[in-house]
Amino acid sequence: MSAEENPTNGVAATPAGPQPEPIRFFGTTWVDHSGGYAARRAGVAAGALVAAAAACFALRFAYDGLQIAAVGSFVSLLVVVMFAICSALAFRHTWSSFSTRPDPDRQATLRGLLTIGLIGSLLAYFFRSLTEAPGEKLRRAEYARAREEYDRRVTRRWGNPSKKRRRS
């Protein structure tokens, strides 16, 4: 009986070594692009775009509320500029987080800005999911590095080290 089979419940045993880190909405299907990976990517892209459109619609209501309140053109301009800048910063931060791990302290500091710039984050998620699962390239590189290190650690030496030739 092999180690791959478990006669009690028929479930294959997990392979030894590092396991791939799951990605939100994709699990570990990003490793071999199985389990409806393409459909999930299309769904994530469509969902991010629909959510960005809904957020724009909600912002339009907020802007209309400012117009009804007659707060003045300066305040209305400040609100529009603030949302535009926050969305641009959130887009840049979210886009860069797909290629490098963000610093947790900085992430906590930027939480408010990322919330205000939700549209930018959603658009970054949409554009990235057109080519890959968001964060897939980073996770794939980390997983490959971990597999390589694991394989290097468990590979056995060849021959007896005490019989090595001495350099003179």
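Reader: Which side chain meets Arg101 in a salt bridge, and how far apart are N and O?

Author: A salt bridge is a side-chain nitrogen of Lys or Arg within 4 Å of a carboxyl oxygen of Asp or Glu. Here the partner of Arg101 is Glu21, at 2.6 Å from N to O. This is a predicted model, where local features need pLDDT of at least 70, side-chain atom pairs count only at pLDDT 80 or more, and totals for chains, interfaces and linings use all residues. Residues are numbered from 1 along each chain as its sequence is written, and side-chain values use heavy atoms, with hydrogens and water left out.

Reader: Which parts does the pair of Arg101 and Glu21 tie together?

Author: Helices are DSSP runs of H or I, at least four residues, numbered from the N terminus. Arg101 sits in the loop between helix 2 and helix 3 (104–109), and Glu21 in the segment before helix 1, so the pair ties together parts 80 residues apart in sequence.

Reader: Where does Glu142 lie, and what does it pair with?

Author: Glu142 also forms a salt bridge with Arg101, with the closest N and O atoms 2.7 Å apart. Glu142 lies in helix 6, so this pair ties together parts 41 residues apart in sequence. Shared partners join Glu21, Arg101, Arg139 and Glu142 into one network. A search of the whole structure finds eight salt bridges.

Reader: Is Ser76 buried or exposed?

Author: Buried means under 20% relative accessible area, exposed over 50%, and partly exposed in between (1.4 Å probe, protein chains only). Ser76 has 5% relative accessibility, so it counts as buried. Ser76 belongs to helix 2 (residues 73–97).

Reader: Which side chain makes a polar contact with that of Ser76?

Author: A polar contact is a pair of N or O atoms within 3.5 Å; within protein, one must be able to donate a hydrogen and the other to accept it, and residues adjacent in sequence count only if both atoms are side-chain atoms. For Ser76, the partner is the side chain of Gln67, at 3.0 Å.

Notes
Helices (H or I, at least four residues) and strands (E, at least two) are DSSP runs, numbered from the N terminus.
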